[in-house]
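Take a moment with the model, then read on.

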Amino acid sequence: MSNQAGQSTTSHARMEARLTVAALVQWQGRFLVVEEEIKGQRRFNQPAGHVEPGENLLEAACRELKEETGLTATPTAWLGTYLFKPADSEATYVRTAIIFDLEKAPGQHHPEDPDGDILACHWLTLEEIAECKSALRSPLVWQCIEDYLAGTRLPLSALKAFIQS
């Protein structure tokens, strides 16, 4: 849209996005999920959270995995980047999902949970996750699993960070 002088009159509001990461961890047909309490309801999510100042995406994903599950693992691929705007929130999220393909059994691990919002960690099959689909924290949880099962694997080297102090 333009005025009589030919100048643009369209207003472009800037979207403020919250930068988050998620860790998709799979071991022998089971996916690692965390159980959280959100607004009084139990929800299931991949280990995930906000990127902290000074962190790159891989560092953030490793930290969230360790904090929420007690598991230390090495990222193996970038799954994708997803944009999510919940209907009941003003917030918009940009979520980068990182794959952690384990080379050995994860053993015993428990949340370190500095935020106090993780109730438990579970290793669930696809069928078990499908059964609790209505309790997933967002549609991104299921979408990430579908993309993983479809064979989506992007190189970690494509994730760049230029953090200046």
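Let's start with L79, which touches L24, A97, I98, I99, C144, D147, Y148, T152 and L154, leaving aside residues up to four places away in sequence; contact here means heavy atoms within 4.5 Å. Please keep in mind that this is a predicted model, where local features need pLDDT of at least 70, side-chain atom pairs count only at pLDDT 80 or more, and totals for chains, interfaces and linings use all residues. Residues are numbered from 1 along each chain as its sequence is written, and side-chain values use heavy atoms, with hydrogens and water left out.

**Nonpolar cores**

- The largest nonpolar core has 21 residues, of which L24, L79 and I129 touch the most other members. A nonpolar core is a set of buried Ala, Val, Leu, Ile, Met, Phe, Trp, Tyr and Cys residues joined through side-chain atoms within 4.5 Å, where buried means under 20% relative accessible area, exposed over 50% and partly exposed in between (1.4 Å probe, protein chains only).
- At least two residues of this core come from each of β2, β5 (77-84), β6 (92-101) and α3 (139-149). Helices (H or I, at least four residues) and strands (E, at least two) are DSSP runs, numbered from the N terminus.
- The element that gives the most to this core is α3, with 6 residues.
- A second, separate core has 17 residues, including L57, A61, W78 and L102.
- In soluble globular proteins, nonpolar side chains tend to be buried together.

**Cavity**

- The count is 1 cavity of 30 Å³ or more. On a 1 Å grid over the protein atoms alone, a cavity is a set of points where a 1.4 Å probe fits but cannot get out, and lining residues have an atom within 4 Å of a point.
- The largest cavity has a volume of about 30 Å³, a volume being the space filled by probe spheres set on grid points joined across faces, edges and corners.
- Its lining consists of A23, L24, V25, F31, L32, V33, Q46 and I145, with β1 (17-27) and β2 (30-38) as the elements that give two or more residues.

**Positive phi**

- Q28, in the loop between β1 and β2, is not a glycine, yet has a positive phi of about 50°. Q28 is exposed, with a relative accessible area of 65%.
- K39, in the loop between β2 and β3 (41-45), also has a positive phi of about 50° without being a glycine. K39 is exposed, at 74% relative accessible area.

Conventions:
1 Å grid on protein atoms, 1.4 Å probe; cavity = no way out; pocket = protein on both sides within 12 Å on 5 of 7 lines; lining within 4 Å.
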